[in-house]
Amino acid sequence: LVPAMTVAENVALGGHGVFNPRAAAERVRALAASAGLALDPDARVSTLSVAAQQRCEIVKALARDARVLILDEPTAVLAPLEAAELLRWLRAFADSGRAVVLITHKLRDALAIADDITVLRQGRVVLTAGARETREEQLRTAMVGASEPSLGGAPDAQERDARQSVASTTTSVLGLANVSITDARGTVVLRDVTLGVRAGEIVGIAAIEGAGQFELLRVLAGRMHAQHGQVTRPTRTGFVPEDRHRDALMLDATITENVALRDAGQRHGIMPWAALNASSTALLAQYDVRTESTLSTARSLSGGNQQKLVLGRELNDAPDALIVENPSRGLDFLATEAVHAALRDARDVGTAVVMYSGDLDEVLLLADRVFALCAGRLIETTRDRDVIGRAMLGLQ
């Protein structure tokens, strides 16, 4: 995508003839509506969220009248309803006599619409089967390998209750009291939000795009100031934003230099590069960040290793609180499991974790308590998917 151009201009790139802005915008609206994707054709791409950029990329592919569509993690940052509608559209696209190659780590997505499924592991095909004859557990085993250690899953109700009972005896280490924020256009994006997060728990935030989660997470992380209300935040608070390239890493700097960003603005005097390099080496080993050395650039890492580097940096020396935004966006299955394990480990040593994900399954997998955010209002909800979905839409 070209950041300085509008959505309609980006979609029209590569076309033929004289560019007609009005016709281009109408085409974007029609394609977005048919695929169930909310997209403003006149918006400048540089102002879009990661999820909206994903929708723009999808519409750009659809605009080519292609016979074959190849999509790499298309539902990674879409809201549940958007993801379901896109999958329905792709199924209809294939049923019309055309073809779709869907690359995804979401096994439910593959099983929901695929005719055939192929599993790749370390560059080799390890399974090819019809979707109707394949079970989720079979796919997981093929992706991970039978000899791999068992990976952590969702805690059962008894485990969650026990953990919440312990956490409830502690005071909140991270919190908001009647916090409100109004954006530059005068729109209230957070309304009297009150939230308390205790040591040793993961609080999950479920929301559709634009509900205020961007502002909520940044207020908690100290990246944005609340205009009204009070914020309680420990000194040691880590933040893992969803766009690691734009907000978390200096791509052309070394790994050691990126690790040094952890306390940016707090150090004085000469940088202790030898100590930072040693700390970076230990971090690479602890979080299984695969690279040649600490002198490699962040750009040279895969997306999963970049995410593990950012998470490891923010978790270094066990912060009191950690704010995480779409922690597994665009990651493969194993990288996702590694990130999830790191978040659980942080919680288990007493870190207060707040995690937002556009993937409701991920929220339910990790969270001890779940809150829904709708139009800037935050409410605690149950773990029932339908109840959460209704709360996200403001229907309760």
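This is a predicted model: local features need pLDDT of at least 70, side-chain atom pairs count only at pLDDT 80 or more; totals for chains, interfaces and linings use all residues.
Me: In which element of the chain is confidence highest?

Reply: Helices (H or I, at least four residues) and strands (E, at least two) are DSSP runs, numbered from the N terminus. The chain has a mean pLDDT of 87, with 92% of its residues at 70 or more. Confidence is lowest in helix H7 (residues 157-167), at a mean of 59, whereas the highest value, 96, belongs to E11.

Me: What is the strand order of the open sheet of six strands?

Reply: Two strands pair if DSSP finds at least two bridges between them. The edge strands, which pair on one side only, are E9 (237-240) and E13 (377-381). The pairing is mixed, and the order is E9-E10-E11-E7-E12-E13.

Me: Which residue of E11 stands opposite Ile202?

Reply: Strand E7 (residues 202-207) pairs with strand E11 (residues 352-356) in the parallel sense, over four bridges. In E11, the residue opposite Ile202 is Val353.

Me: Which residue of E12 is the bridge partner of Gly204?

Reply: E7 also pairs with E12 in the parallel sense, over five bridges. Five of the six residues of E12 are buried, that is, under 20% relative accessible area with a 1.4 Å probe and protein chains only. The bridge partner of Gly204 in E12 is Val370.

Me: Which residue in the turn between E12 and E13 has a positive phi?

Reply: E12 and E13 run antiparallel, joined by five bridges. Leu373 stands opposite Leu378 in E13. The two strands form a hairpin with two residues between them, and the turn residue with a positive phi, about 50°, is Ala375.

Me: At about what angle does helix H12 run to E9?

Reply: Axes are lines fitted to C-alpha atoms, for helices over the stretch in contact, and angles between N-to-C directions run from 0 to 180 degrees. Helix H8 (residues 213-221) runs at about 155° to E10. Helix H12 (residues 303-315) lies across E9 and E10, and its angle to E9 is about 170°.

Key
Residues are numbered from 1 along each chain as its sequence is written. Side-chain values use heavy atoms; hydrogens and water are left out. Contact means heavy atoms within 4.5 Å. Buried means under 20% relative accessible area, exposed over 50%, partly exposed in between (1.4 Å probe, protein chains only). pLDDT is the predictor's confidence in each residue, from 0 to 100.
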